[in-house]
Amino acid sequence: MLKHLTLKNFVLVEALEIDFASGLSTITGESGAGKSILLAALGLILGQRASPDVIRPGAAKADVSADFDLHDLPAVQAHLASADLEGEEADRCLIRRVIASQGRSRAFVNGVPVTTQFLRTIGEQMVDIHGQHEHLQLADRTVQLGLLDDYAGCRNAAAKVAALYRGWQQDLTRIEQLQQSQAASADKKALLTYQLQELDEFDLQADEFAELEQTHKRLANAHTTLETLQSTLRVLDELDELRQHTSAVETLTDEQADLQSAQANLQAALGLLDDSSRDLRRYQDGIVIDPQSLADTEARLNTAQDLARKHKVPVQELAAYVETLRAELNSIDADHSALQVLTESAEAAGAAFLSAAEKLSTKRRKAAPRFAKLVTGHMQSLGIEAGKFSITFSATEGEQGLDRAEFMVTTNVDFPAGPLTQIASGGEQTRISLSIQMVAAEHSALPCLILDEADVGVGGTTADTVGRMLRTLAGHTQVICVTHAPQVAALGNHHYRVVKQGNHTAIQQLDDTARIDELARMLAGADINDKTRDYARTLLSAAVD
């Protein structure tokens, strides 16, 4: 239930605070005074798109906040709790919307920033707003089915069916994409398989090409290398004279530094030369002249270079490229596995949708005759004496389940039933729309219903009937109604008047005396006198009967 509404610099409102209570609240005022400002503000609170046009001229931003009592809405409480948005009191919710002059808006729930999508999600569980032209939307079969679902108490079931259908369709779309991908990749898979077979047969290992180059170089230069080694080793083998002279120098016993340094260096040089000789002999043992190995190595190098050119990659990266191709082939094979899994998932999703949709359809078709009977009764109470309402169904399959519903009406016994917008006049459509809304709202879980001039086009006893219907409805749902009909305004448990003072709009809650004056104004315009006040008192007195 809406408890409190605060507006700052919103359209023509500089600052305004309004307390609301349970029951029927009526809002009246002269045309152009700004009665619909409240509905626009609530629309923003419930997640509607913001525009800088709502900012009061001269102000930097507009600020709207609403306080809701969630005592009878455990689902909303749970939703807020799961999102860590609980306030100090679990059964209260403060929603705030700030619109800046640059067009940006911010939304808050219990002081925490949220998205407008989140506002819409919780807002549609708390408030139902019906505008002046709501009856025009009744031509939409989606709206029609939604109203029937409200009455049948299966909004949650319908939401579940819609979610199941969307999930099923997503699976089917993904299956189609995978099938198209597989069809397009069939040739690709064949090519990858051929390429990998060729490369796997060659089986070039990582870093092997560098090793092949080294081996090829050694084999190709074997003759030259051996000749060089042999001549070098011959020279190293002819160092006996140097060794004798070194031994002679070693016999000198002078401790002069230069001599001692020379003795050490000669010994070190001979040691290094001996080490080099041993290393060169071992290296020489590994050098072989092998024309066949040279030919084999050269052939493998050439093949590696040919494959690298063929696949347009550097030869050093050929081994890594093989793994890239293998991963690509594996991904194609994985798509086949995914398709099988997804197909099984889609079959299960389709079965779940059909099961839930069939149950929903049964509930709708069972509730439709009762819904039609009640709407017919309200139509006749509102002056459409020959009126009759019915619902026809046709089979379909979609997000709304297995049903397509169409509201049919008769306003003249001499003519057959037809679609609402084709059969009823504008005034009749308004009254039929109100009748439908009344029946749907009586079974809705929404704790607050807001109507913007739903009584337009009716007056006299019919307006009184409308008011009494709304008052009855307000026995279990908070109803806030903007009205031009004094008969409806008189039946409100609470009465608010919108007044425009210069470029500022204010809203006042009326006491009994002010209420009589406002009803008199609604009855007679500016010509308020004792007679119109007496009639206003009569309306108020009749309202409590």
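# Close-up views of a predicted model

**View 1. A salt bridge joins Arg-96 and Asp-63, with closest N and O atoms 2.6 Å apart.** A salt bridge here is a side-chain nitrogen of Lys or Arg within 4 Å of a carboxyl oxygen of Asp or Glu. The two residues are 33 apart and link distant parts of the chain, with Arg-96 in strand 5 and Asp-63 in strand 4. Arg-96 is partly exposed at a relative accessible area of 31%, whereas Asp-63 is buried at 13%. Buried means under 20% relative accessible area, exposed over 50%, and partly exposed in between, with a 1.4 Å probe and protein chains only. Helices (H or I, at least four residues) and strands (E, at least two) are DSSP runs, numbered from the N terminus.

This is a predicted model, in which local features need pLDDT of at least 70 and side-chain atom pairs count only at pLDDT 80 or more, while totals for chains, interfaces and linings use all residues. Residues are numbered from 1 along each chain as its sequence is written, and side-chain values use heavy atoms, leaving out hydrogens and water.

**View 2. Six strands make an open sheet with antiparallel pairing, in the order 2-1-4-5-6-7.** Strand 2 (13–19) and strand 7 (112–114) are at the edges with a single partner strand each, so one side of each has no neighbour in the sheet. From one strand to the next, the twist averages 15°. Two strands count as paired if DSSP finds at least two bridges between them. Strand 1 (residues 2–10) and strand 4 (residues 61–69) run antiparallel and are joined by six bridges. Within this pairing, His-4 has Asp-67 of strand 4 as its bridge partner.

**View 3. Helix 1 lies across strand 1, strand 2, strand 4 and strand 5 (92–100).** The helix runs at about 100° to strand 1; axes are lines fitted to C-alpha atoms, for helices over the stretch in contact, and angles run from 0 to 180 degrees between N-to-C directions. Helix 1 spans residues 36–45, and eight of its ten residues are buried. Among them are Ile-37, Leu-38, Leu-39 and Ala-41. Gly-47, with a positive phi near 100°, follows the helix.

View 4. Most residues other than glycine have a negative phi.

**View 5. Thr-297 is a buried residue of helix 11 (residues 291–311).** Its relative accessible area is 10%. A polar atom of the Thr-297 side chain lies 2.8 Å from the backbone oxygen of Ser-293. Apart from neighbours within four places in sequence, Thr-297 is in contact with Leu-212, Thr-215, His-216 and Leu-219. Contact means heavy atoms within 4.5 Å.

**View 6. Strand 9 and strand 10 form a hairpin with two residues between them.** Strand 9 (residues 388–398) runs antiparallel to strand 10, and nine bridges join the two. Gly-398 stands opposite Gly-401 of strand 10. Strand 10 (residues 401–410) is mostly covered, with nine of its ten residues buried. On strand 11 (residues 418–419), strand 10 has an antiparallel partner over two bridges, and Val-409 stands opposite Gly-418 there.

**View 7. Met-408 lies in strand 10 and is buried, with a relative accessible area of 14%.** Met-408 and Ser-390 are 18 residues apart in sequence, and their C-alpha atoms are 5.2 Å apart in space. Leaving out residues up to four places away in sequence, Met-408 touches residues including Phe-389, Thr-392, Ala-417 and Pro-419.

**View 8. Arg-281 and Asp-237 meet in a salt bridge, 2.7 Å from N to O.** Arg-281 belongs to helix 10 (residues 257–286) and Asp-237 to helix 8 (residues 222–237), so the pair ties together parts 44 residues apart in sequence. Arg-281 is partly exposed at 33%, and Asp-237 is partly exposed at 46%.

Note on methods:
A polar contact is a pair of N or O atoms within 3.5 Å; within protein, one must be able to donate a hydrogen and the other to accept it, and residues adjacent in sequence count only if both atoms are side-chain atoms.
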